[in-house]
Amino acid sequence: MGTVLDIKIKRANKVYHCGEVLTGVVVITSKDSVQHQGISLTMEGSVNLQLSAKSVGVFEAFYNSVKPIQLINSTVEMVKPGKLPSGKTEIPFEFPLQVKGNKVLYETYHGVFVNIQPQKGKSTPSPVDFTITPETLQNVKERALLPKFLIRGHLNSTNCIITQPLTGELVVVNSDAAVKSIELQLVRVETCGCAEGYARDATEIQNIQIADGDVCRNLPIPIYMVFPRLFTCPTLETTNFKVEFEVNIVILLHDDHLITENFPLKLCRL
């Protein structure tokens, strides 16, 4: 067995906030004693932006003007040059989570086009009532061919606490065509760019079926969606990038007509 190095964080969930102290130990295990020129530990945090393949060639200036944004960088010397004994050696460390200059330490997040390596907000409820009919739909070419339907409902709030579910209710009041399925589609919208132009990419990150088959008319159908921890973060907007979220209510009729209603969401963490 050669030398094995491991970093262990003392906090089990590994979640820290700006201003806190990151603590842990570096564990070095070796069969024989090890001569070394010093041991140091570096903590880095950055935001990396990249365009999707379809945008390459459109905003070449983006690559030159937007470098990875460094949020935090700290190095501590743990052990001066010397020799480590055989067996297991544990070296404790502490890092204060302080950002560089006036930067903001955004919540760690991995998207398709925006990655943030290591902000509490305020949430004011904003309930939304909605009515969906053939007349309210947008981007419809042949409205006269649509079957008659009336769908009502509400979302309890489009300002959402990320650790709590999106809730509401939907009612199919009437529909000439049979309902095949009703789904909730969560969409993440990543926008990044510079003064020369912006690229906007929307990605479906979750789809939940809330009704299957021709539902009873005037029967309240609960809307309940938990935000996926690994694919969402608090809504944020900076000079060079934005991460936003939307939810679509998607109703599929048996004649293959697809009805979609879109609601922008604002996510925050309290």
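Student: Where does Asn218 lie?

Tutor: Strands are DSSP runs of E with at least two residues, helices are runs of H or I with at least four residues, and both are numbered from the N terminus. Asn218 lies in the loop between β15 (197–212) and β16 (221–225). The phi of Asn218 is near 60°, a positive value in a residue other than glycine. Please note that this is a predicted model, in which local features need pLDDT of at least 70, side-chain atom pairs count only at pLDDT 80 or more, and totals for chains, interfaces and linings use all residues. Residues are numbered from 1 along each chain as its sequence is written, and side-chain values use heavy atoms, with hydrogens and water left out.

Student: Why does Asn218 count as exposed?

Tutor: A residue is buried under 20% relative accessible area, exposed over 50%, and partly exposed in between (1.4 Å probe, protein chains only). Asn218 counts as exposed because its relative accessibility is 52%.

Student: How many helices and strands does the protein have, and what share of its residues is buried?

Tutor: The protein has 1 helix and 19 strands. Of its 270 residues, 42% are buried.

Student: Which residues have the most contacts inside the largest nonpolar core?

Tutor: In soluble globular proteins, nonpolar side chains tend to be buried together. A nonpolar core is a set of buried Ala, Val, Leu, Ile, Met, Phe, Trp, Tyr and Cys residues joined through side-chain atoms within 4.5 Å. The largest one here has 58 residues, and Leu170 and Ile182 have the most contacts inside it. Strand β18 gives the most to this core, with 7 residues.

Student: What does Ile182 touch?

Tutor: Contact means heavy atoms within 4.5 Å. Leaving aside residues up to four places away in sequence, Ile182 touches several residues, among them Leu170, Val172, Ile208 and Val250.

Student: How many residues of β18 are buried, and which residue stands opposite Lys242 in β18?

Tutor: Strand β18 is mostly covered, with 10 of its 13 residues buried. As for partners, two strands pair if DSSP finds at least two bridges between them. Strand β17 (residues 236–237) is joined to β18 by 2 bridges, and the two run antiparallel. Glu237 is the residue opposite Lys242, and the hairpin of β17 and β18 has 3 residues between the strands.

Student: How many bridges pair β18 with β19?

Tutor: These strands pair in the antiparallel sense over 8 bridges, and Leu258 in β19 is the bridge partner of Leu252. Strands β18 and β19 form a hairpin with 4 residues between them, and Asp256 in the turn has a positive phi of about 70°. Asp256 is exposed, at a relative accessible area of 59%.

Student: What is the strand order in the open sheet of 4 strands?

Tutor: In a regular strand the side chains alternate between the two faces of the sheet. The open sheet has the order β10-β11-β13-β16, with antiparallel pairing. Its edge strands are β10 (128–132) and β16, each of which pairs on one side only. Within this sheet, strand β11 (residues 149–155) and strand β13 (residues 166–175) run antiparallel and are joined by 7 bridges. Ile151 stands opposite Val172 in β13.
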